[in-house]
Amino acid sequence: DGWGPVWVIGYFVTFVAIVSMLLVAVFCAVLMESFEDTREQSALEIQEAHIRAVAKEWSLIDPHCSHFASCADVALLLTRLSPPLVPQRLADDSRRVVDFLALLRVPVRLGRVHYAELLLSLAARVCGAPLDGAGRALQDRVALQWLRQYPTLKRLVPSTLFTDDPRLRADSLRAL
């Protein structure tokens, strides 16, 4: 008598069971998504450690954090990086370093290279594939995020030459 109609008890038990199963399913989906993201990140050629290595080496040539460095300094930076961002044994031959810097074709603005543009050029060289629609959308989102992180990108003057210019190659070779 005090329990009420039997259908109320059945409804309550069924409701609790269904909600419990849904919560377990959502938890499993979140867990599986996390594992998938981790697997995809470990499959990438460029790891977070590689980007941190570039940032660390950049901080040595740009101690005032202007986000700019000369082509000669960038050439020296490339000798201290490791694969996959740069070819194996790049530091052994200064001519190879200058040729590699020319291959990257990084924009040079007022004789200096911006950190973000060098990093994008290195990543594009490793990936080697042209971007499709989804890739371009991702690149646009990254560019917006980088504009917030690197305000110096907003003040960039138009690039008049790239690191493959013969005059810059000679200056970089002399610095090595």
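Predicted model: local features only at pLDDT ≥ 70, side-chain atom pairs only at ≥ 80, totals over all residues.
Mentor: A polar contact is a pair of N or O atoms within 3.5 Å; within protein, one must be able to donate a hydrogen and the other to accept it, and residues adjacent in sequence count only if both atoms are side-chain atoms. Residues are numbered from 1 along each chain as its sequence is written, and side-chain values use heavy atoms, without hydrogens or water.

Trainee: Which residue caps the N-terminal end of α4?

Mentor: Helices are DSSP runs (H or I, at least four residues), numbered from the N terminus. D93 caps α4, with a side-chain oxygen 3.2 Å from the backbone nitrogen of R95, and just after this helix R105 takes a positive phi of about 50 degrees.

Trainee: How many salt bridges are there?

Mentor: Counting a side-chain nitrogen of Lys or Arg within 4 Å of a carboxyl oxygen of Asp or Glu, there are three. R52 pairs with E48 at 2.3 Å between the closest N and O atoms, both in helix α2 (residues 48-61), four residues apart. E57 and R80 meet at 2.6 Å, N to O, and this pair links distant parts of the chain, helix α2 and the loop between α3 (71-79) and α4.

Trainee: Are R109 and E117 buried or exposed?

Mentor: Buried means under 20% relative accessible area, exposed over 50%, and partly exposed in between (1.4 Å probe, protein chains only). R109, at 13%, is buried, as is E117 at 13%, and these two form a salt bridge at 2.6 Å, whereas R52 and E48 are exposed.

Terms used:
Helix = DSSP H or I, 4+ residues; strand = E, 2+ residues; numbered from the N terminus.
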